[in-house]
Amino acid sequence: MDGDAPGPPRRQFGEEGGLLSYGGYLRLPELLAQQRPQSQAPDELLFITIHQVYELWFKLLLHELEGAREAMFAGELWQARHLFRRVHAVERVLIEQVDVLETMTPQDFMAFRANLAPASGFQSVQFRELEFLSGLRDERYLSSFRHISEEELARLRRRLAEPTLWDAYLTALSRRGLPVSDKEIMSSLLAVARNRGSYDDLWQLAEDLLTHDETAALWRMRHVQMVERQIGTKSGTGGSTGAPYLRGRTRLHYFPLLWELRAWL
Ligand code: HEM
Ligand SMILES: N[C@@H](CC(=O)c1ccccc1NC=O)C(=O)O
């Protein structure tokens with residue numbers, strides 16, 4: 001009997017052709033060949049691994065946020081909320097992950113930091129794509145990218161041209177008859193907040209946007225704490241002032257009107 005035999009069954013569901021395997025499906029030989037420390041420093045593998053994991057999550061976040069944006073445009077608010085729940089869960093992981101890198105001592109970081117310059121998180125194209133998609137569009141970053149490929153530059157330009165999450169939310173509001181011009185938008189947001197009986201789905205969706213904004217800010221704060229812990233007042237490998245530059249960016253918001261709304265409630 002197949003089920004009683006020790007070891008893996010001879011034939012598994014979905015593998016009739018014998019073509020699909022765990023490592024093949026997940027492209028593990030390719031994935032696990034991508035961690036190449038430049039030095040002999042023992043912690044460089046940790047440093048590379050953490051950043052690669054971040055970039056994988058960034059890729060998923062971009063995918064899910066695009067889905068949420070399309071759902072808002074289509075008026076399918078339940079689908080947008082479903083995707084935001086996933087986005088928030090991943091964003092919490094991004095913050096938690098800092099703990100892993102903080103097990104590295106500054107001395108151990110200094111053993112390979114000099115080799116990194118002028119590379120820096122500054123140059124994370126997907127991180128900037130997330131900011132652009134979320135509505136934080138600072139075109140100056142386009143020129144700050146050195147060694148960026150044509151394909152990556154095109155991706156960033158596309159993000160600058162396409163609608164933001166906020167544009168999609170405004171469309172969701174207007175589909176429900178709420179005016180969204182600059183002059184009227186605050187009263188529409190107030191109408192949603194004060195009339196939950198009619199607009200609870202729009203209210204909850206705005207809360208989802210706010211949570212996305214808040215978690216991004218929390219990541220920035222967690223990142224700068226880690227930076228101060230690792231390099232103190234040193235300037236960054238990317239050429240910025242380091243912690244002071246990053247502190248300035250902790251005050252940024254994707255959806256300033258949702259924060260301003262609080263003052264009126
Ligand atoms: C030892 C740990 C780390 C240190 C000391 C560090 C340091 C810095 C510094 C100093 C900057 C400012 C730019 C510069 O002049 O270099 C920066 C920017 C950045 N870092 Fe890190 N970083 C660390 C880990 C990480 C990790 C794990 C990520 C995850 C992807 C990350 C992502 C970024 C991003 C996206 C920026 C650009 C932020 C912005 O422009 O708002 N960093 N980092
Ligand atoms: N900017 C960091 C170095 C660093 O953390 C880094 C270097 C190369 C690629 C990604 C990095 N992560 C975040 O900036 C520093 O100044 O120490």
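Here are some notes on the predicted model above, point by point.

1. Ground rules. This is a predicted model, so local features need pLDDT of at least 70 and side-chain atom pairs count only at pLDDT 80 or more, while totals for chains, interfaces and linings use all residues. Residues are numbered from 1 along each chain as its sequence is written, chains are lettered from A and ligands numbered from 1 in the order in which they are written, and side-chain values use heavy atoms, with hydrogens and water left out.

2. Who sits around ligand 2? The list reads Phe47, His51, Phe109, Arg113, Leu116, Ala119, Ser120, Gly121, Ile231, Gly236 and Thr237; to be on it, a residue needs a heavy atom within 4 Å of the ligand. By class that is five nonpolar, five polar and one charged. Here Ala, Val, Leu, Ile, Met, Phe, Trp, Tyr, Cys and Pro count as nonpolar, Asp, Glu, Lys and Arg as charged, and the others, Gly among them, as polar.

3. Polar contacts to ligand 2 (N or O atom pairs within 3.5 Å). Arg113 puts a polar side-chain atom 2.5 Å from a ligand oxygen, and His51 has one 2.7 Å from a ligand nitrogen. On its own the ligand exposes 390 Å², and the protein buries 79% of that (Shrake-Rupley areas, 1.4 Å probe; for residues, only the protein chains shown count as cover). Helices α3 (44–73) and α6 (106–113) are the elements giving two or more residues to the shell; helices are DSSP runs of H or I, at least four residues, numbered from the N terminus.

4. Salt bridges. There are 21 of them in the structure, each a side-chain nitrogen of Lys or Arg within 4 Å of a carboxyl oxygen of Asp or Glu. As a reminder, side chains of opposite charge can pair when their charged atoms come close.

5. Glu66 and Arg159. Their closest N and O atoms are 2.9 Å apart. The pair links distant parts of the chain, with Glu66 in helix α3 and Arg159 in helix α9 (residues 150–161), 93 residues apart. Is Arg159 buried or exposed? Arg159 counts as buried because its relative accessibility is 8%, whereas Glu66 is partly exposed at 27%. The cut-offs are under 20% relative accessible area for buried, over 50% for exposed, and partly exposed in between (1.4 Å probe, protein chains only).

6. Arg222 and Asp99. This salt bridge has its closest N and O atoms 2.6 Å apart. Arg222 is partly exposed at 22%, and Asp99 is partly exposed at 40%.

7. Arg262 and Glu207. These side chains meet in a salt bridge at 2.7 Å, N to O. Arg262 lies in the segment after α14 (256–261) and Glu207 in helix α12, so the pair ties together parts 55 residues apart in sequence. Arg262 is partly exposed at 33%, as is Glu207 at 23%.

8. One network to look at. Salt bridges with shared partners join Glu66, Arg69, Glu70, Glu129, Glu151, Arg155, Arg159 and Glu162.

Definitions and conventions. Polar contact = N/O pair within 3.5 Å; in protein donor to acceptor, adjacent residues only side chain to side chain.
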